[in-house]
Amino acid sequence: HPRYRAFVMATAQAPVIALAPQCLPDLRKLGGDFLSGTLDGDDYDRELRRQVHRLAQTLGPQPPLDPRVIDVMRAVHAQPSLKLTDLARSVHLSPGHLCRLFSTGLGITLREYAISVKTRNAARLLGEGRSLTEVALLAGFADSAHFAKVWARCYGRPPQRTFRPTDLQIDPDALPPWARTAPERPG
């Protein structure tokens, strides 16, 4: 979210702000609807953005972002797998300077930002009957193993446990060993 810095600034005194459940019942319901499968990825993403934007507005003003950071954010949204050197070159900075500028301006690293874009892209694609390999590649991940690992780190469980089995086509050979189920033993 472009106002992520507002969240970071609000947590400057404490590493985490715990939101009481009664503060954001819509957000809690949204997450439940997504996990239960009653809300698809596109609708979830759209509504989540709306609710986060509403919450960010309560945190007060923030200084404007450097235009180069905004350009890099747009480039990552358009093509999340762009290399750091290509992104830096596009805004006429060294890779190190771009990383520092991005982290200072947005409050998260460029790598974390790119992974969040890829994960949101994958959430939109999941549940459309695509294989995990196809979702991973379309979302900008190197392969389905990397995608499954990142998804599990973000959501606490692999993608095939997040979505109904009827919504996914799983290519078991492309999954990392920890995400494969053991074959059933006969009788």
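**Ground rules.** I number residues from 1 along each chain as its sequence is written, and I use heavy atoms for side-chain values, leaving out hydrogens and water. Since the model is predicted, local features need pLDDT of at least 70 and side-chain atom pairs count only at pLDDT 80 or more, while totals for chains, interfaces and linings use all residues.

**Helix pair.** I looked up α7 (residues 110-125) and α8 (residues 132-139); helices here are DSSP runs of H or I, at least four residues, numbered from the N terminus. Their axes lie 8 Å apart at an angle of about 140°, with axes fitted to C-alpha atoms over the stretch in contact and angles running from 0 to 180 degrees between N-to-C directions.

Which residues of α7 meet α8? I found Lys118, Asn121, Ala122 and Leu125, against Val135, Leu138 and Ala139 in α8 (contact means heavy atoms within 4.5 Å). By class, I get 5 nonpolar, 1 polar and 1 charged residues in this contact (Ala, Val, Leu, Ile, Met, Phe, Trp, Tyr, Cys and Pro are nonpolar; Asp, Glu, Lys and Arg charged; the others, Gly among them, polar).

**Pocket.** Next I checked the lining of the second largest pocket: 16 residues, with Leu82, Leu110, Arg111, Ala114 and Lys118 nearest its centre. A pocket is an open set of points on a 1 Å grid where a 1.4 Å probe fits, with protein on both sides within 12 Å along at least five of seven lines; lining residues have an atom within 4 Å of a point. I see α7 giving the most to this lining, with 5 residues. The lining splits into 9 nonpolar, 4 polar and 3 charged.

Methods:
Helix = DSSP H or I, 4+ residues; strand = E, 2+ residues; numbered from the N terminus.
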